Structures are given as structure tokens and as C-alpha cells.
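These are my notebook entries on one protein structure. I record what I looked up and what I found, entry by entry.

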Amino acid sequence: CAGKNYYETGSCKKCPEIGRIGTICGLLACFLAFLSLVKIVIARHPRYLNSIEKFTLYATAFNLQAKMKLLVSFIQVVVTLQPVYGVKLHPDFTEWIHFLELFSFNLLHYAAFPQD
């Protein structure tokens, strides 16, 4: 393939724009800003520390981490069925799970690296 294209699955495809790296950096910066804001609030207003500890206790008791791992695993499997395994699902099923492609964690795709 010539120009800003790369070869994938039997055809030439346009290379992703480099601006996608900015999206990842922006999301990371927002996350770090949120953590910094929480730390500043706790430092200036210690009375909120008790509320944060309660929230952490409830989240631990609810076992949110395990539930999120299961959800992310399910989303990754469903999103990769067609492109990786070639499994064609019934259109009624794919209509309501189409939005799950938003949660695709294909970081190489967003980092603008061509995939082989």
C-alpha cells in the first residue's frame, strides 16, 4: 500500500490519525486531575475523609472490582467475536450490543500504530 495506508486482512486501510494519542493523553490527564482534586479536598477538609472511607468500605463489601472484571471480560469477548473469530451473530443480538464497541480496549488502534 502506498501513502498513509497499511495492509490488513486482504486490503489497504487508511492509517489512523495521530490525534488519537491526544485523546488517550487527555483522558489520562483528566483522571490524574480528578485524583489530585480528591487529594486536595481531603487535605483541606478532613471531615470528608470519613465519607470517602465509608464509600470505600461499601465498595469493598459490594466487591465492585470483581464485578467490573467480569463486565470488562464479557465486553471484550463480545466485541472480538466477529473480527477475531469470524463468528456471525444474529442481527437481533448484535443490535443491542453494538454500543459495546465503544468499550473496545484496543490501545494500538488508538495509538495510531498499524496492526498486522
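Entry 1: H3 and H4 are the elements that give two or more residues to the nonpolar patch. Accessible areas come from the Shrake-Rupley method with a 1.4 Å probe, and for residues only the protein chains shown count as cover.

**Entry 2: basis of the values.** I note that residues are numbered from 1 along each chain as its sequence is written, and that side-chain values use heavy atoms, with hydrogens and water left out. As the model is predicted, local features need pLDDT of at least 70 and side-chain atom pairs count only at pLDDT 80 or more, whereas totals for chains, interfaces and linings use all residues.

Entry 3: Phe-93 lies in helix H4 and, at 30% relative accessibility, counts as partly exposed. Here buried means under 20% relative accessible area, exposed over 50%, and partly exposed in between (1.4 Å probe, protein chains only). Leu-89 sits in the loop between H3 and H4 and is also partly exposed, with a relative accessible area of 31%. Beyond its neighbours within four places in sequence, Leu-89 is in contact (heavy atoms within 4.5 Å) with Leu-81, Thr-94 and Ile-97. From Leu-89 to Val-78, eleven residues away in sequence, the C-alpha distance is 9.9 Å.

**Entry 4: helix H3.** I checked the length of H3, residues 64–85. Its 22 residues should span 32 Å at 1.5 Å a residue, and the end C-alpha atoms are 30 Å apart, which agrees. The expected span is 1.5 Å times one less than the number of residues. Where does H3 bend? The bend is at Val-79, by about 35 degrees, and a proline, Pro-83, follows within four residues. The angle is taken between axes fitted to the seven residues ending at the residue and the seven starting there. Ile-75, Val-78 and Val-79 are buried in H3. Helix H4 (91–97) is included in what covers the buried residues of H3. Gly-86 follows H3 with a positive phi, near 70 degrees.

**Entry 5: helix H2 and its end.** I applied the length check to H2, residues 47–62. The 16 residues should span 22 Å, and the end C-alpha atoms are 24 Å apart, which agrees. Leu-49, found in H2, is partly exposed at 34% relative accessible area. Asn-63 is in the loop between H2 and H3. Phi of Asn-63 is positive, near 60 degrees, in a residue other than glycine. At 41% relative accessibility, Asn-63 counts as partly exposed.

**Entry 6: whole protein.** The protein has five helices and two strands, in the order β-β-α-α-α-α-α from the N terminus. Helices (H or I, at least four residues) and strands (E, at least two) are DSSP runs, numbered from the N terminus. Buried residues make up 9% of the 116 residues. The accessible surface comes to about 9900 Å², of which 68% belongs to carbon and sulfur atoms.
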